[in-house]
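Reader: I would like to learn how to read the features of a model like this one. Please take them one at a time.

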Amino acid sequence: MSEIQLTTEPKPKRQAKRYYKTKKRSDYLWAYCMLAPTMIGLLIFYFWPILQTIYFSFTEWGAFGTFEWIGVENYVRMLTDSELGQAFRNTFIYIVLTVPIGIFLSILVAVLLNQKIKGRSVYRTLYFLPVITMPAAIAMVWKWLYNSDFGLINYVLSLFHIKGPSWITNPDIALYSIIIVAIWSGVGYNMVIFLSGLQNIPQTYYEAAKIDGAGPVRTFFSITMPLLSPIIFFVSIMSLIGAFQVFDLIFMMVSSNSVTIEKTQSIVYLFYQHAFVLNDKGYAAAIAVLLLVMILIVTVIQMLLQKKWVHYE
């Protein structure tokens, strides 16, 4: 009997365990209640449309919203669609140029504006202004600047006896003109993110590097870049996803009946054309699914490669 009493858990301890279990269930319940509105919103406005899009990619749409199941015909059609191939090439060029150049310029501006210079807050505000400006307004202003007849850029070039090109009506350079606008408008947003990362780097590292005789370039690549690599990784993922989804600048700056549209339209712009102009919603859904798969693949590759170059403290 005495042995049984020794191994039996005291009553106050059992009550305390029961209390903590009840409290834990109550905490979980309140946590789920707080998360429920967001989760329900995600299910209704994100996951359900994704499932619908995947289903519609196997259908063909007719008049008055009718559609029929056609299997994988939309995906087979993609293999021989030269217009889709050109849109992929345009998007690839856009990504290759905007993402690395944009990140490099954002880091450069962030490092410069992290120094103690006069009017630093004013410069930060000026660089960030394009971020809070509507994309349509940005596109319209740059469309005027690019105008070959009375645009400001060609006027300045004419002062140096240089004939300016047709920036957005020449198929050979129209895409690169849009890329310039995209880089210019995106630097401010990434700059703010990099500034937050730079301000979290302890100054003791820079003081130690200065004592060791390291110059600004060596300090930048040996201290700043490694400690900033998690921020660079985050910005690169977000920039890539945004570059895959480019649409507004192309839509606003290039007319749909322009000769340059074939050389400038992105995958999302082609999706818009099939979904809302040509009423070919089944093929448009297939394009959207393909774009989703591409973004997922690129993101997974980035997640795997980040282990080799991202340094966490």
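Predicted model: local features only at pLDDT ≥ 70, side-chain atom pairs only at ≥ 80, totals over all residues.

Reader: Which residues touch the most other members of the largest nonpolar core?

Author: That core holds 52 residues, and F194 and M253 touch the most other members. The elements that give two or more residues to this core are helices 4, 6, 8, 10, 11, 13 and 14. Helix 8 (174-199) gives the most, with 12 residues.

Reader: With which residues is F194 in contact, leaving aside its neighbours within four places in sequence?

Author: F194 is in contact with I103, S106, I107 and A110, and also with L228, I231, I232 and V235. As a general idea, an α-helix has 3.6 residues a turn, so residues three or four places apart point the same way.

Reader: How is a pair of aromatic rings described?

Author: Two values are used: the distance of the centres and the angle of the planes. The count here comes to 20 aromatic pairs. One of them is formed by F247 and Y269, with 5.9 Å centre to centre and 35° between the planes, and it is tilted. The pair links distant parts of the chain, 22 residues apart: F247 is in the loop between helix 10 and helix 11, and Y269 is in helix 13.

Reader: Is Y269 buried or exposed?

Author: Y269 has a relative accessible area of 1%, so this residue counts as buried.

Reader: Which residues form one aromatic cluster?

Author: The cluster is made of Y55, F56, F58, W61, F67, W69 and Y75. A ring can also have a charged residue over its face: R77 lies over Y283, at 3.8 Å from the ring centre.

Reader: What span should helix 4 have?

Author: Helix 4 has 32 residues, so at 1.5 Å a residue it should span 46 Å. Its end C-alpha atoms are 46 Å apart, which agrees. The N-terminal end of helix 4 is capped by D81, with a side-chain oxygen 3.0 Å from the backbone nitrogen of E83.

Reader: With which side chain does the side chain of Q265 make a polar contact?

Author: The partner is the side chain of E83, at 3.4 Å. Q265 sits in the loop between helix 12 and helix 13, and is buried, with a relative accessible area of 3%. Leaving aside neighbours within four places in sequence, Q265 is in contact with residues including A87, N90, I250 and L270.

Note on methods:
Residues numbered from 1 in each chain as written. Heavy atoms only, no water. Core = buried A, V, L, I, M, F, W, Y, C linked by side-chain atoms within 4.5 Å. Buried < 20%, exposed > 50% of the residue type's maximum accessible area, 1.4 Å probe, protein only. Helix = DSSP H or I, 4+ residues; strand = E, 2+ residues; numbered from the N terminus. Contact = heavy atoms within 4.5 Å. Phe/Tyr/Trp six-rings, centres within 6.5 Å; stacked < 30°, edge-to-face > 60°. Lys NZ or Arg CZ within 6 Å of the ring centre and 35° of its normal. Expected span 1.5 Å × (residues − 1). Polar contact = N/O pair within 3.5 Å; in protein donor to acceptor, adjacent residues only side chain to side chain.
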